[in-house]
Amino acid sequence: NKGIGESMTQIIADSTCDINKELLTGYKLVTLPLVISAEGKDYLDGVDIDIDRVYSWMQNDILPKTAQIPYEVMKDAFETCCRNGNDFIYIAFSGRMSGCCSLGRIIANELKEKYPERRMEIVDSKGGSCATGLIVLQALLMAEKKMSIDIILDEVNFMVSHVEHLFTVADLKWMVKGGRISKPLGWAGSVLNIRPWLDVNDGKMVVKGMVRGEKKAIQTVTREVCHRAENFPKQLIAIAHTGNKALADTVSDQIREIFPDCTTTISEIGGVLGTHLGMGGLGVFFFREQSVHYMLSEI
């Protein structure tokens, strides 16, 4: 329990942050829901709609739309922290892919007039999914150890600068529907079984290359992981998928064969990002370098 006048640092994420829920057991993470819309209705992601519902729409060729966190939802969460006497760090979805980070800064500035004694830090994760999840998990571990908000903030910013996102997409039609590639390219890719592999550069998802077939796509992603993580082999590597656990298991086995000292964790990609990657998509997330207070390899 907190002593009188003693504040803790509350870690806040949003529903684009993916991490194996077993790893979050015992930690108090506040998660802000984005909006998922389909069939004429709006749903708060993870509150009144779950991944299975989103995936079932996609399996029936329905592409849900997504929108940022409602203003009232974010403000209420921030103000609750302040009223409880807690400082907070909101590790937001990439500012180049969503307005969540900008909204967080606007609301924090509004609340600073009412709660001048509180620290309200908004960090652009410059990514999402398990990349944010790994950073959030490290921040939770540090907050649990009562480390200062400045030390946690330094660690988070270092991790944002050194985290890697690698994706492969099973069906190009989802990228066509989302406007990320042209229809002719999508058609040609589907006919030839071409699969793109993607990266996140400075907060924006980009197609890095095209390969033919699932096996080649996985080889490419695994090779990239091993190249980029060669200076930090003993770490927690997160793998996320949209409805293809078997593929995630295969990638996990391949990575652990090359990096026997690493640990892997597997989770599903949440509804918001899943709508953009499509069914059968897969991502791998890890760090190029070890941060000062890194604790995730001990989990």
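Leaving aside neighbours within four places in sequence, which residues is S267 in contact with? I'll come to that after the ground rules.

This is a predicted model, where local features need pLDDT of at least 70, side-chain atom pairs count only at pLDDT 80 or more, and totals for chains, interfaces and linings use all residues. Residues are numbered from 1 along each chain as its sequence is written, and side-chain values use heavy atoms, with hydrogens and water left out.

Now S267. This serine is found in strand β12, residues 263–268; helices (H or I, at least four residues) and strands (E, at least two) are DSSP runs, numbered from the N terminus. S267 is buried, at a relative accessible area of 10%, where buried means under 20% with a 1.4 Å probe and protein chains only. Its contacts, meaning heavy atoms within 4.5 Å, are D18, I19, N20, C130, I239, A240 and H241, once neighbours within four places are set aside. K234 is 33 residues away along the chain, and its C-alpha lies 20 Å from that of S267.

Next, helix α2, residues 71–83. It has 13 residues and reaches 18 Å from first C-alpha to last, close to the 18 Å expected at 1.5 Å a residue; the expected span is 1.5 Å times one less than the number of residues. Which residues of α2 are buried? They are M74, A77, F78, E79, C81 and C82. The buried residues of α2 pack against β1 (9–14), β2 (29–32), β6 (87–92), α3 (100–114) and β7 (120–124). After α2 comes G85, with a positive phi near 80°.

Conventions
Buried means under 20% relative accessible area, exposed over 50%, partly exposed in between (1.4 Å probe, protein chains only).
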